[in-house]
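Hi,

Here is the structure I promised to pass on.

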Amino acid sequence: MEIDDDTSLQDIEDQESQDPSLPITSTVNGAMPIVVYRSRRTMLALSGHPILTDYGQMRLVEGCVNQDWCMSDLYRAPEVLLHLPWGFPVDIWSIGVMTLELLEGKNLFDPIDHVHGQYVLPSALAQYIGYLGPPPLNIIQNSPLFSTYFDAQGNWVSEVPVPKNSLEDFVTTIPPGEEKDQFLRFIRKVLTWDPEVRATSNEIIPDEWLMRPF
């Protein structure tokens, strides 16, 4: 939230300079250590509207070709995984994954080696195939990873097995029926291998599931 008076922030700075917070380092299951700093109490006078300020993954799109490794591990769009050019559709993909996480209280994908704290790319691809089915051949043929994980016909050839997953089984908070069918249609509009056929924001706003009466 935007603030009109930053006095309280200056108070925190003064407190930190006089009595610095001691960091606490914790390690879980042998993963990389996490450093946590103690929070200080403050009375902020909030006003105005919320402001989004986390631009750590922001990229220019117009006039640029983005092909770098971006996005958070659990929200990464398939075109990023495949090292293909990407643009606005990666945000729609994130909306789909986040919606499932908020609904079910757990992540759709978990391609992390929790012992070593590392992202495992073939596990991610295998999990995507498990939920979405095989990727279109014309998509993966353009990927520099094509011959590493797929044969000439687009079949998965990695040693990592494709899990037997389904979106129908993952969604448990909506009972079988009309609403669940609508929700699955919504999710399948935004979780697609091909960014060109992925729904845009203008297309999902009037979606039948989002427009259901409360």
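Let me start with methionine 71, which sits in the loop between β4 (46-47) and α2; helices (H or I, at least four residues) and strands (E, at least two) are DSSP runs, numbered from the N terminus. Before I go on, the ground rules: this is a predicted model, so local features need pLDDT of at least 70 and side-chain atom pairs count only at pLDDT 80 or more, while totals for chains, interfaces and linings use all residues. Residues are numbered from 1 along each chain as its sequence is written, and side-chain values use heavy atoms, with hydrogens and water left out.

Back to the backbone. Most residues other than glycine have a negative phi. Methionine 71 has a positive phi, near 80 degrees, and is not a glycine. With 12% relative accessibility, methionine 71 counts as buried (buried means under 20% relative accessible area, exposed over 50%, partly exposed in between, with a 1.4 Å probe and protein chains only). Histidine 83 also has a positive phi, of about 60 degrees, without being a glycine. You'll find histidine 83 in the loop between α2 and α3, and at 30% relative accessibility it is partly exposed.

Now the salt bridges, meaning a side-chain nitrogen of Lys or Arg within 4 Å of a carboxyl oxygen of Asp or Glu. The count comes to 6. Here are some of them:

- Arginine 198 pairs with glutamate 79, with the closest N and O atoms 2.9 Å apart. Arginine 198 is in the loop between α8 and α9 and glutamate 79 in helix α2 (residues 78-81), so the bridge ties together parts that are 119 residues apart in sequence. Arginine 198 is buried at 3% relative accessible area, and glutamate 79 is buried at 2%.
- Arginine 212 bridges to glutamate 178, the closest N and O atoms being 3.8 Å apart. This one links distant parts of the chain, with arginine 212 in the segment after α9 and glutamate 178 in helix α8, 34 residues apart. Arginine 212 is partly exposed at 29%, whereas glutamate 178 is exposed at 56%.
- Lysine 189 and aspartate 207 form a bridge with the closest N and O atoms 2.7 Å apart. Because lysine 189 lies in helix α8 and aspartate 207 in the segment after α9, the pair ties together parts that are 18 residues apart in sequence. Lysine 189 is partly exposed at 34%, but aspartate 207 is buried at 2%.

On to the rings. The structure holds 13 aromatic pairs; rings of Phe, Tyr and Trp (its six-membered ring) pair if their centres lie within 6.5 Å, and planes under 30 degrees apart count as stacked, over 60 as edge-to-face and the rest as tilted. One of them is tyrosine 128 with tryptophan 193, a tilted pair at 6.2 Å centre to centre and 55 degrees between the planes. That pair links distant parts of the chain, 65 residues apart: tyrosine 128 is in helix α4 (residues 121-132) and tryptophan 193 in the loop between α8 (178-190) and α9 (201-204). Both tyrosine 128 and tryptophan 193 are buried. Phenylalanine 146 and phenylalanine 150 are stacked instead, with 6.3 Å between centres and 20 degrees between planes, and both of these are buried too. Ring pairs also join Trp93, Phe109, Tyr128, Tyr131, Phe170 and Trp193 into a cluster.

Which residues make up the nonpolar patch on the surface? They are Ile24, Ile34 and Val36, with about 280 Å² of accessible area together. Patches are made of residues with over 30% relative accessible area and no salt bridge, like charges being joined within 9 Å and nonpolar side chains (Val, Leu, Ile, Met, Phe, Trp, Tyr) within 5 Å; areas come from the Shrake-Rupley method with a 1.4 Å probe, and for residues only the protein chains shown count as cover. Isoleucine 24 belongs to strand β2 (residues 24-26) and is exposed at 58% relative accessibility.

Finally, glycine 96 in helix α3 (residues 89-104) is buried, with a relative accessible area of 0%.

Cheers
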